[in-house]
Amino acid sequence: MAVAAQQAPRSLIASGNVRTRKFADGLATLVLWAMAASIIVLLAAFIVYMIYLGGHALTWSFLTRPPAEHEAGGGIGPEIFNSFYILILTLCFTVPVAVAAGVFLQEYARPGTFRSVVQFSAESLATVPSVVMGLFGLLIFVYTFHWGYTALGGALTLTLLNLPALVRVTQEALGSVPDTLREASMGLGGTKWQTITRVVLPSAIGRLTTGIVLIAGRIYGETAALIFTAGVSVTGNHPYDLNPFHTAETLAVHVWYTHSESVVPDVDRIGNGSALVLLIMVLVFNVGARIVGRMLTKRFTGRAS
Amino acid sequence: MIESPAQTAAPIQDKIVADDVDVFYGSFQAIKSATLAMKAQHVTALIGPSGCGKSTFLRALNRMHDLTPGARVTGEVLLDGENIYGADADPVVIRHRIGMVFQRPNPFPKTIYENVVYGPRIHGENNKRKLEEIAERALRQAALWDEVKDRLSRSALDLSGGQQQRLCIARAVALDPEVILMDEPASALDPIATSKIEDLIGQLTEKFTVVIVTHSMQQAARISDYTAFFHLGEIVEVGPTNQIFTHPKEKRTEDYITGRFG
């Protein structure tokens with residue numbers, strides 16, 4: 001294995017070919033970095049602009065007073081309340097069903113017709129546009145059930161809309177748990193159910209919570225489906241209304257409504273202020289998702305993820 | 001050192017006996033008519049080249065193949081004379097009596113303490129005092145107590161690989177099983193961690209019957225009392241370890257242990 005004696009002397013200095021490759025490498029890094037950075041810039045610019053437009057509207061009375069029909073000075077208190085109320089109702093329906101379906105698909109269902117059909121149905125449901133889902137809700141809850149515009153009808157429509165995404169989130173969260181942990185639990189004589197409840201779900205809780213809170217942000221900002229189901233007004237004499245069979249306009253719907261239908265003179269103030277509140281809320285959900293996910297992971301696994 | 005089985009006075013009982021065991025993955029037959037008696041409170045090593053079926057055979061001894069879609073086991077595996085594949089035999093009970101330690105350390109992402117008491121808990125032990133006693137005893141048996149006694153509430157994932165594997169052994173031991181199956185328990189560990197695990201296996205035979213799969217013939221020679229040589233899904237030869245390594249009867253065994261293939 002002797003090295004050829006007359007090999008040309010080699011140096012450590014970069015030659016033309018190496019320099020070209022290094023230039024391409026540097027250029028690629030720069031372009032990719034710039035693309036990534038532009039996302040931050042876009043978000044920051046968007047937030048700054050929204051604050052510029054709506055910031056002056058944010059007063060205590062605006063955040064707590066009920067909206068006005070014709071005169072200036074209306075607030076968005078009931079809308080903020082309704083947004084949370086419908087969100088909580090929706091999560092109460094969505095989370096149990098979606099997590100159960102996700103556990104079934106990921107942990108129980110063997111590859112076969114039934115699993116394929118469930119999976120296909122979930123994916124098809126996920127592609128239904130929210131406005132179409134809203135019309136469906138209108139047909140079922142408003143007309144067929146004779147409920148009229150209700151918080152419950154809105155929440156059930158949003159459940160249909162978000163179920164597939166949460167099933168997916170559950171499946172992915174469970175799929176990230178290594179099989180070696182399932183094997184370890186079963187190898188110690190655990191039943192399948194014990195393995196799922198004591199090992200798989202606790203290991204997946206961080207991802208699961210993050211997914212749920214992100215979907216909560218989507219529910220909070222959903223508009224089209226609610227216009228047809230929860231309505232565009234709040235209960236007149238009782239603005240903070242817990243009755244699920246009463247109409248319940250949410251903040252996102254209010255943003256649309258003020259800009260397109262409203263006859264109050266201070267439309268811009270109310271519309272921009274509402275939009276800013278909505279944006280802040282959704283951002284809070286996104287940041288909150290990360291914090292809560294990390295906390296739960298630490299709580300259930302004794303370790304920061 | 002472990003004394004040679006031939007010098008032991010009382011006759012050694014068979015703890016777990018595989019009788020004419022076949023294992024299939026779909027239509028592929030991974031184990032062909034394997035028959036092997038594993039002695040109580042001794043270490044039986046299963047050796048052989050990669051893909052020879054030694055791990056597959058091991059997993060047949062506590063019905064882990066039940067979890068693999070498409071896997072099928074025929075024949076009998078007798079634990080104290082009772083067939084674990086019998087109609088009434090329950091995998092949950094079987095795996096309580098026959099524990100398993102896997103190739104890669106697989107502690108749960110829980111605290112050290114919660115890992116050790118996981119087995120007793122799922123089998124219904126809820127008494128805090130008892131669980132603490134079990135945890136200490138199991139960690140001592142796994143030679144890990146002194147290293148972790150001050151940080152039982154820390155995550156098991158913060159331990160080193162070797163410590164994690166001993167934790168997995170403690171987790172298996174905490175159930176007070178009769179047999180412990182080990183699937184190349186040291187193959188992912190460095191030499192120092194490996195030697196700790198090997199010392200530990202010797203001590204475990206005071207209470208338990210150990211069956212260990214290893215790809216290292218030196219390891220088999222160091223720690224086992226009996227050795228079974230697997231090749232192409234068959235058990236080629238079984239015997240006391242020193243005999244297998246010094247006077248193998250079969251040509252294939254001799255070829256393997258002298259390094260002619262493997």
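The model is predicted.

Helix α8 of chain A runs over residues 192-221. This helix has 30 residues, but its end C-alpha atoms are only 38 Å apart.

A partner of α8(A) is helix α11 of chain A, residues 267-301. The two helices pack with their axes 8 Å apart, at an angle of about 170°. Because angles over 145 degrees count as roughly antiparallel, α8(A) is roughly antiparallel to α11(A). The residues of this contact comprise 14 nonpolar, 11 polar and 3 charged.

V213(A) gives a residue-level view of the region. This valine is found in helix α8 of chain A. Is V213(A) buried or exposed? V213(A) counts as buried because it has 20 C-beta neighbours inside 10 Å, and 20 is the number from which a residue is called buried. Neighbours within four places in sequence aside, V213(A) is in contact with F285(A), G288(A), A289(A) and V292(A). A further distance can be given for V282(A): its C-alpha atom is separated by 9.9 Å from that of V213(A), although the two residues are 69 residues apart along the chain.

Helix α10 of chain A, residues 251-260, comes next. Of its 10 residues, 8 are buried, so the helix is largely enclosed by the rest of the structure. The buried residues are L251(A), A252(A), V253(A), H254(A), V255(A), W256(A), Y257(A) and T258(A). What do the buried residues of α10(A) pack against? They pack against α3 (77-108), α8, α9 (224-227) and α11 of chain A. The α8 and α11 named here are the helices that pack at an angle of about 170°.

The last topic is the contact between the chains. Here 18 residues of chain A are in contact with 24 residues of chain B. On the side of chain A that touches chain B, α7 (179-187) and α8 each supply at least two residues. The most comes from α7(A), which gives 6 residues. By residue class, this side of chain A divides into 5 nonpolar, 9 polar and 4 charged residues.

Terms used. Residues numbered from 1 in each chain as written. Chains lettered and ligands numbered in written order. Predicted model: local features only at pLDDT ≥ 70, side-chain atom pairs only at ≥ 80, totals over all residues. Axes fitted to C-alpha atoms, helices over the stretch in contact; angles between N-to-C directions. Helix = DSSP H or I, 4+ residues; strand = E, 2+ residues; numbered from the N terminus. Parallel < 35°, antiparallel > 145°, perpendicular 65-115°, else oblique. Nonpolar A, V, L, I, M, F, W, Y, C, P; charged D, E, K, R; others polar. Contact = placed C-beta atoms within 7 Å. Buried ≥ 20, exposed ≤ 12 C-beta atoms within 10 Å, placed from the backbone. Expected span 1.5 Å × (residues − 1).
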